[in-house]
Amino acid sequence: MFIKKRLYWLIPFLLILLAIGLVFHKNLLEVTEPPEDNWSRAISIGKSSINAYPTIEKEEDGSISLTHFKDKALAKTTYNDSFNEVNNATYPHVPVDKWTQLYTGEEQLYYFDYNSIYNQDGNEVVANVDALYPLQNHLLYLKANEIFEFNETTQEVVKLFTLEGGFDKTIPFQTSAGIMILQYQTSGDYIVQLQELNQSGNIVIFTENLELNYTETIEEVALADKSNGQISILIKTEQKNASGVTDNQRFYLLEHNRESGEVTKDMLTFSDPKRETNLSSIGDISINYRNEHLTFLFTAKGASRTKYRTASAFNIYQATRINDEMIVQRRSNTAGLSAKPQWIDNQTVAWIDRKSGENTIFLSSDQSNYIAYADQITEDDFLAILGKTMGMYAGAFFTFIFAGHWYLWPIGLLAILLITRKSLVDRNPNWVLYLCIGVYMAACYLTLDNFFIANIYYSAPNYLTFTGSSYIYTTLFAFIAFIIAKNGAKQHEWHISMELFYFVAIHTLLLMAFFGPYLI
């Protein structure tokens, strides 16, 4: 009896809780969606106070060492294969700012302050340096127009290259064949020149005029070499509009056959693996050969449902070129601004998520222990899910605006009857209630498209958007609201006006609870 007397508010309360639970569950699936099948979600392994590539190394036993700027100091943290911290060391002599460049050698660490190179104890080892080029196993630097290598074992300096003038950019690369130097003009004639170091000194492998549109500017380059001697160079260009905003990116692939000396040029595109469009705002590109196939790693803006009121985010992508076909896969799916991706090994990718304050360093992999470890809801996940749900329901209150004209008609009709036939209405005849409800439902059916807008069909789940769902749910909620209003009237002997108000309120609240979150 206690529950029966309260069904008129208990039933709508439970239905609204159900609707909120369904939205929360949908957001949980979207926020925690893995980048791809059989690929782990992001695993946080540390923080960094600067927007630079952290130094991450993976040992044979599965442990990971991370060198990063943390708490106003350079730190080296080691994690075991269960991602538990097992060792931590700091380097108090290394300055912490966005200009500091690092090189992690076999014996110790070196840094560059845009003037000199120092070891980890703060002792200067090379003075008057113009630029530092930290490669995987070589510490190179530029002085005037010459490139030198510093040998950390002997502490000796060896001159490697004498550079030619006329180029805007110089980038050394470490390849399987040795050290190569790529120089290019960012505009103008767009000349690209590649040199390598051999026993006779530095020789030019090829010089190529790209013949680009004069509005293009070269922004990024990446290089990789194949076991058969083929060299691939990816060139990213951008075109800017009159206001200086980038409105077009192009990607060119130069491939050099060392046997024939031929250089070919192709234009590439990278499709979004989660929707039928191309990825945009691509950057931080690196390339290499994996299983004899050219593979690309980069950050880009693509489809993602991790954030409120947007269907895209900056994430990490991997693309593999197989027989001129580009296969693109997502390697991260976070709400943050993902950037600076790098391969740790053939199965693991690392990157940073940029935030105001400290950046978060993440890993993801196809290894089973990574997938299992990442398959849990973290505190950040819960807050993201809760925030997205609350944001959606904040927008749900627009239901009262979109559906406002529905209840104006029955309220207006009841007002007229109260003015013209007040004595009749005071007797609470059922036909007056049914007439007002009929007018309300007629207004609903005639203008359903004003509420069930395109955004609902685009973003709401399938169980709400099947063919005819707008009429079915409108009718179903009206039936529920009618039964509830009748129950309330029976319990409290409501007047027709109160019964009509409760019917309209419950009907609108149910529509708001189930469909309102997808209005905007």
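Modeller: I start with the annotated segments and then move to single residues.

This is a predicted model, in which local features need pLDDT of at least 70 and side-chain atom pairs count only at pLDDT 80 or more, while totals for chains, interfaces and linings use all residues. Residues are numbered from 1 along each chain as its sequence is written, and side-chain values use heavy atoms, with hydrogens and water left out.

The unreviewed UniProt entry lists residues 7-25, 392-419, 431-458, 470-488 and 500-519 under "transmembrane region". These positions are in the numbering used here, the feature names are shortened, and such annotations may be inferred rather than shown by experiment. Two of the spans can be described further. Residues 7-25 are 100% helix and 0% strand, with 26 Å between the end C-alpha atoms. Residues 470-488 are also 100% helix and 0% strand, and here the end C-alpha atoms are 27 Å apart. Helices (H or I, at least four residues) and strands (E, at least two) are DSSP runs, numbered from the N terminus.

W9 belongs to helix α1, which covers residues 7-31. Its relative accessible area is 38%, so W9 is partly exposed; buried means under 20%, exposed over 50%, and partly exposed in between (1.4 Å probe, protein chains only). Together with F13, L14, L17 and I20, W9 forms a nonpolar surface patch of about 460 Å² of accessible area. In such a patch, residues have over 30% relative accessible area and no salt bridge, and nonpolar side chains are joined within 5 Å (like charges within 9 Å). A salt bridge is a side-chain nitrogen of Lys or Arg within 4 Å of a carboxyl oxygen of Asp or Glu. The areas come from the Shrake-Rupley method with a 1.4 Å probe.

I506 lies in helix α12, residues 496-515. I506 is buried because its relative accessibility is 6%. I506 and R41 are separated by 465 residues in sequence, and their C-alpha atoms are 41 Å apart.

Next come the cysteines. The whole structure has 0 disulfides, a disulfide being a pair of cysteine sulfur atoms within 2.5 Å. The closest cysteine sulfur to that of C436 is in C444, and at 13 Å the two are too far apart for a bond. C444 is likewise in no disulfide, its nearest cysteine sulfur being that of C436. C436 is buried, at 1% relative accessible area, and C444 is buried at 0%.

T175 sits in strand β14, residues 169-175. With a relative accessibility of 11%, T175 is counted as buried. One reaches the backbone nitrogen of A177 at 3.2 Å, and another puts a polar side-chain atom of T175 2.8 Å from the backbone oxygen of G178.

N38 is exposed, with 65% relative accessibility.

Notes
Polar contact = N/O pair within 3.5 Å; in protein donor to acceptor, adjacent residues only side chain to side chain.
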